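Please examine the following structure with its sequence at hand. The explanation below leads through it one part at a time.

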Amino acid sequence: MSTELLAPLDLAFWHLESDAHPMHLGALAEFSPVAGVTPQGLLGLLGERAAAVPRLRMRVRDVMLPVGGKAWSTDRHFDVHRHVRRVEVEGDDFRAGAVRLAGELMERPLDRGLPPWEMYLLTGGDGAFAVLVKLHHALADGMRAVAIGAGVFDEIVAASGRRRVAGLRKPVPPLSWTAGPRAVAELALGRIEEAGQALGVGASVMRAGRLDLRATTALTAGSSGTRRLAVADLDAAAVDVVRRAAGGTANDVLLAVVAGALRRWMSGRGDALPVADPRALVPVSRRRPGGPVGGGNLLSGYLLDLPVREPDGARRLASVRGAMDRNKAAGPAKGAGAVAVLADRLPPLAHRFGAQLAGGAARMLFDVLVTSVPLPRSALSLGGCPLRALYPMAPLARGHSLAVALSPYGGRVRVGLVADGEALADLDVLAAALAEELADLRAGVGGGR
C-alpha cells in the first residue's frame, strides 16, 4: 500500500481546518458545449480520468512516527462516485446560476475520512455545463492543482487540431513512515538545524505582526461560515498595455487593479476609507520553473499594503511596484509570508497543538489574500468541449472575509472572488469594480480605453 508522509506545510493546512473555515481551494471551469456530448458521457469521463490520477486515490491517516504526523495512504476502498457528482443549475442565466451554486458548494468541508477532493458537473439547458473542482490545500497548492487538472482535461494540439489527455509528470516515490535507527538520528539532527532556522524566520513573522487591525469593517467581520462567489473577466491585452507604459510586471498591474477596485467598492457602499491601507498576503511558489510538481505544498508569500487611500491610479500602481520590488529584494523568508516557510521548520506535534493559535494569528498579519494561479498556455477541453473560462478560488483564513485569485487564460485574466456570504453580500459590486479600475488605469497611463 502506497504511503507518503504529509509535508510540514500540508500538515499545517490539515490542522488549520474547521467547519467554519474549510481549507480547500477550487476552480470553476466553463466549457463550450459540443453537439453529441451528453452529461452522462461527461460525468463518466470525469470519473474515469480522476480515478486514474494516483494522488486522487489517497487519503490522510494517522501514523505512529513521527509523533503528531500524518500520512497519505492509498484508499483501498476508493470509489470515484463518492467524489464526482452531477448537479443541475436552476434558472435561465447559466453562468449566474453556476457561480451561485459553486459558492454554496464551496461552503461544505470535504470528508476527511476520504481522499480530500470533489468534482461537480454543473449542467443547464441547451447543453451548457461547467465543472467545479474542490481540492484540500493539504493535497495541492496552485501549481499542483493545475498538474492534477492536466490529468483530467484534454489538451488541444494546435498543429494538428487533434486532442490528447495532458499527462502528469512521473510521480515522486512515496516516503515511508517507518524509520530505522539511522533515519531517526538523521531526523533528530535535521530537527535541531530546522529549529535554529525557525527562530530566525519566526522573529521575522513576529516583526510583521500588527496589534492594530486596520482594514474596513467588511474585511474584519466575524465569520458566518457561509461562502459567496463572484467572478470577473479582465482584458489581458489591457493589462499588458499598462505594464509596458508604467513598467513593472503584469502581477504589479493586477495588484494595483485590486487596490483600486477595493477603493471604489468601499466608497460606493458608503464606508469610510480605513485609517491605514489594508494588507494583502501575496503567495509565492517556491517551486523551480519547469521543475517537478510532486511533494508537498511549496509556498511562501510577500506582504503588500494595498494603497486604497491613494486617489490616483498611476500613483497606486507606482506604490505597488515599489513595494513588490522591495519584497523581492528581501526574499520570501521575510514578513508574514514567512509563516509558510516557518511551517516547514516545525515538528508535526507543533502543528497539531498550534493550529488554533496560528489560525487566530493570521488576522494580525494580513487582511486579504491575493493570489495568482498560472494555467497552461495551451488550449484545454473536456471530451472535445473547449474550455471557455476557468475561475480560481482560494480558501478563507480564519478571521478573513475575502480572498482574490487570478488566472490568465485565452487572452483574459479570470478572477475568482471568494467571500464570507454575510460580510460581503455585495461581492458582485466589487467584481464589477475590477474591470472599471483596469479601464481607468489604462486611460491614466496614456493607453486609452
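Both faces of strand β7 are covered: F129, V131, V133 and L135 on one side are buried, as are A130, L132, K134 and H136 on the other. Here, buried means under 20% relative accessible area, exposed means over 50%, and partly exposed lies in between (1.4 Å probe, protein chains only). Strands (E, at least two residues) and helices (H or I, at least four) are DSSP runs, numbered from the N terminus.

This is a predicted model, in which local features need pLDDT of at least 70 and side-chain atom pairs count only at pLDDT 80 or more, while totals for chains, interfaces and linings use all residues. Residues are numbered from 1 along each chain as its sequence is written, and side-chain values use heavy atoms, with hydrogens and water left out.

Which strands pair with β7? Two strands pair if DSSP finds at least two bridges between them. Strand β2 (residues 24-31) pairs with β7 in the antiparallel sense over 8 bridges, and A29 stands opposite V131. Strand β6 (residues 117-123) also pairs with β7 in the antiparallel sense, over 7 bridges; here Y120 stands opposite L132. β6 and β7 form a hairpin with 5 residues between them, and D126 in the turn has a positive phi of about 60°.

S407 is buried, with a relative accessible area of 0%. Its side chain reaches the backbone oxygen of V373 at 2.6 Å. Leaving aside residues up to four places away in sequence, S407 touches V373, L375, L390, P392, R412, V413 and R414, where a contact means heavy atoms within 4.5 Å.

Charged side chains come next. Side chains of opposite charge can pair when their charged atoms come close. A salt bridge is a side-chain nitrogen of Lys or Arg within 4 Å of a carboxyl oxygen of Asp or Glu, and the structure holds 21 of them. One of them joins R86 and E88, with the closest N and O atoms 2.6 Å apart. R86 is partly exposed at 35% relative accessible area, and E88 is partly exposed at 45%.

Another salt bridge joins D233 and R414, whose closest N and O atoms are 2.2 Å apart. Because D233 lies in strand β10 (residues 227-235) and R414 in strand β17 (residues 412-420), the pair ties together parts that are 181 residues apart in sequence. R414 counts as buried, at 9% relative accessibility.

In helix α6 (residues 236-246), R243 and D240 are 3 residues apart and thus separated by about one helical turn. Their side chains meet in a salt bridge at 2.8 Å, N to O. R243 is partly exposed at 28%, and D240 is partly exposed at 26%. Salt bridges that share partners join E30, R95, D233, R388 and R414 into one network.

Finally, the confidence of the model deserves attention. pLDDT is the predictor's confidence in each residue, from 0 to 100. The protein averages a pLDDT of 81, and 74% of the residues score at least 70. Among its elements, β6 has the highest mean pLDDT (98) and helix α5 (residues 181-208) the lowest (43). Over residues 165-207 the pLDDT is below 50. Where pLDDT is low, the predicted coordinates should not be read in detail.

Conventions: Polar contact = N/O pair within 3.5 Å; in protein donor to acceptor, adjacent residues only side chain to side chain.
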